Amino acid sequence: MRELLQTILDGLAEGSLYAMIALGYTLVYGIIKLINFAHGEFYMIGAYIGLFILATPAAATSSSWLFALVLALAFGASAFGASLLAVATERIAYRPIRGYDRIVALLTAIGVSFLLQNLARLAFSPNPRSYAVPGNRPDVCWSAFLQWYHAYLHPLGFELQNAKLLILAIAAVTLAFLYTLVMRTRFGKAMRATSQDLEMAKLMGIDTDAVIARTFALGGGFAGLAGMLTGMLRIVEPMMGFMPGLKAFVAAVVGGIGSIPGAVLGGLVIGLAENLAVFANLDSAYKDAVAFAILVLILMFRPGGILGVLRREKV
Amino acid sequence: MADIVFSALLYMGIFVILSISLNLINGFTGMFSLGHAAFFGIGAYAAALYMNAVEPVLYSPAYWTHLCIGIALAMLAAGVAGLAIGVPCLRLTGDYLAIATLAFGEIVRIFLQSFRQDVFGGPRGLTLAVDKLDSHWAFLVVLAAIALVTIVVRNIKSSAAGRAFLAIRENEIAAQVMGMNASFLKVEAFVIGSALAGLAGALFAYSRCLIAPKDFGLMCTIMVLLMIVLGGLGSITGAILGAVVLGLIDPLVRYLPEIFAAMTGGEEDVAVLLMAKENPQIIYALLLIVLIRLRPEGIFGTRELSDLFRRGERAPS
């Protein structure tokens with residue numbers, strides 16, 4: 001019983017990570033009906049940007065104020081850098097093909113994803129890196145933080161990693177932020193309008209290009225943040241965005257693509273399912289296949305997703 | 001030297017068959033499948049396992065019989081897999097179908113990597129117990145296979161079923177209104193396409209000593225996709241052309257620094273070309289992006305080579 005609850009907790013924590021990435025997918029799909037395969041690469045870039053900032057000499061400080069500043073800068077830069085990449089990708093690769101066939105959009109997205117992965121391999125070398133401080137100096141604030149990050153809390157006999165709690169908290173905040181943005185602000189209204197009918201939105205005076213660009217920026221930014229948060233926990237390597245990106249997309253579809261709460265729900269479902277499957281004695285080698293199996297099931301029985309609305313095709 | 005040339009040609013040939021098979025699904029019927037490499041892999045593993053079980057002596061008369069049986073088994077296995085994957089995906093269109101087939105492809109690859117490692121060989125791959133065919137013999141077999149596949153697919157294209165596939169691509173609902181059983185036809189196209197991919201897989205297995213799951217991943221599917229996009233979705237000639245062109249580009253990219261040096265007579269290594277050599281996938285990714293934007297219909301579009309020789313009016317399909 002205890003192990004089951006522990007598994008559920010782990011699943012929720014992992015799921016919140018997928019949720020953060022899935023939010024970006026669902027935002028972009030909701031707005032221009034494009035599956036941005038390259039989204040996983042925004043996640044990856046966030047991890048690298050954070051890595052580079054924290055590798056500078058300024059980060060290896062003992063002063064907690066300075067370190068707090070550098071850390072904040074790293075978080076900010078990883079999110080900002082990822083959103084910059086997202087906007088650039090939209091401008092260079094996706095805007096010129098807007099209005100073309102779906103197959104064109106899909107193939108372009110795949111191409112961009114592969115391009116970014118391989119450019120990262122070229123630029124950053126395929127060797128995995130970690131956020132650990134070289135030499136493991138205990139006086140440096142950074143190692144203290146990392147230690148805390150990797151440490152486990154033990155409330156009520158359960159094991160909870162601080163990192164996962166932080167990710168859960170940040171994911172919750174992200175959900176709240178995005179939901180409020182989309183539902184309660186003028187910009188959110190513009191987003192919803194653009195997603196419902198692009199032409200009409202333009203006629204109503206909405207700058208749809210800007211709306212789309214900013215949507216990409218939002219989605220990319222959160223993905224980058226998620227990347228850095230995960231990168232601090234695990235290793236950083238150029239292909240790290242591939243699987244999480246794919247699973248996050250599955251999460252977005254499972255929850256209902258185009259729906260913000262759906263993305264989060266989908267993420268949690270996938271995270272839970274993966275961990276429960278391993279708990280039920282599934283070989284961990286097949287863990288990745290669980291997400292895809294759920295995708296197939298959802299597409300067969302409820303293609304709109306759990307919270308989604310299936311649009312009937314009209315002739 | 002001849003060995004290298006024949007090897008290159010035979011891999012080009014295998015990819016020709018793969019391109020034609022994917023073209024049947026993507027180009028003719030308009031179903032956007034991203035899991036094609038899975039069928040390639042299933043066919044390869046089926047053929048390899050059969051050969052490992054039977055272990056005929058190379059080039060004995062029994063060998064050729066077992067080769068044919070192995071190919072048949074591979075096609076059957078891949079076709080059944082196509083059925084298993086096609087039926088659930090019936091109702092899906094466009095993006096959703098792409099993702100579902102991508103997911104299936106990944107599931108297959110994960111299975112080949114992890115399931116029963118004593119049988120399938122695990123991540124390192126399956127070694128074949130039989131010696132591989134010499135490259136010139138393998139090339140002849142592949143050539144024969146290409147000829148057969150081209151004739152069969154061409155006949156399919158001009159048959160009622162083929163026209164039905166094309167109709168589904170153009171407008172599925174209109175085709176249904178005209179009385180075509182779209183679901184059945186889509187599954188039919190999927191199964192035929194996957195069986196042909198299985199054929200390619202069997203030939204692939206016979207020409208190598210080792211097959212590994214990483215050969216059958218997303219990158220493989222993307223390469224084949226690039227080939228048919230380059231040649232023209234919906235055109236058999238295009239698929240062949242695309243496979244040939246990409247088969248030529250591949251060694252070109254690998255040896256580009258040397259070629260450049262030879263041409264300019266200089267000792268300098270151009271950094272850009274060295275980078276390209278390290279990472280040929282960047283070139284392919286760029287090619288895909290640029291190509292799909294500048295000329296989405298590819299070189300041949302939906303026309304065939306034979307259309308160029310036709311006199312009189314005939315609407316290309």
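K33(A) is partly exposed, with 15 other C-beta atoms within 10 Å. For this label, C-beta atoms are placed from the backbone, and a residue is buried if 20 or more others lie within 10 Å of its own, exposed if 12 or fewer, and partly exposed in between. K33(A) sits in the loop that links α1 (2-32) and α2 (39-54) of chain A. Its phi is positive, about 55 degrees, although K33(A) is not a glycine. Most residues other than glycine have a negative phi.

A word on what you are looking at: this is a predicted model, in which local features need pLDDT of at least 70, side-chain atom pairs count only at pLDDT 80 or more, and totals for chains, interfaces and linings use all residues. Residues are numbered from 1 along each chain as its sequence is written, while chains are lettered from A and ligands numbered from 1 in the order in which they are written.

**Chain A as a whole**

Chain A has 12 helices and two strands; these are DSSP runs numbered from the N terminus, with helices being H or I of at least four residues and strands E of at least two. Read from the N terminus, the order is α-α-α-α-α-β-β-α-α-α-α-α-α-α. The radius of gyration of chain A is 20 Å, close to the 20 Å that the globule rule gives for 315 residues, so chain A is as compact as a globular protein of that length. That radius is taken over C-alpha atoms, and the rule is 2.2 Å times the number of residues to the power 0.38. Of the 315 residues in chain A, 50% are buried.

**Helices that pack together**

| Helix pair | Angle | Axis distance |
|---|---|---|
| α6(A) and α9(A) | roughly 175 degrees | within 10 Å |
| α1(B) and α10(B) | about 75 degrees | 9 Å |

Axes are lines fitted to C-alpha atoms, for helices over the stretch in contact, and angles run from 0 to 180 degrees between N-to-C directions. Angles under 35 degrees count as roughly parallel, over 145 as roughly antiparallel, 65 to 115 as roughly perpendicular and the rest as oblique. α6(A) and α9(A) are therefore roughly antiparallel to each other, whereas α1(B) and α10(B) are roughly perpendicular.

In the chain B pair, residues of α1(B) including F15(B), L18(B) and L22(B) meet V224(B), L225(B), M227(B) and I228(B) of α10(B). Contact here means that two C-beta atoms, placed from the backbone, lie within 7 Å. By class, this contact has seven nonpolar, four polar and no charged residues. Ala, Val, Leu, Ile, Met, Phe, Trp, Tyr, Cys and Pro count as nonpolar, Asp, Glu, Lys and Arg as charged, and the others, Gly among them, as polar.

Back in α6(A), A172(A) is one of the helix's residues. With 14 C-beta neighbours inside 10 Å, A172(A) is partly exposed.

**Where the chains meet**

The contact between the chains takes 37 residues from chain A and 32 residues from chain B. On the chain B side, α4(B) gives the most, with 12 residues. That side divides into 23 nonpolar, four polar and five charged residues.
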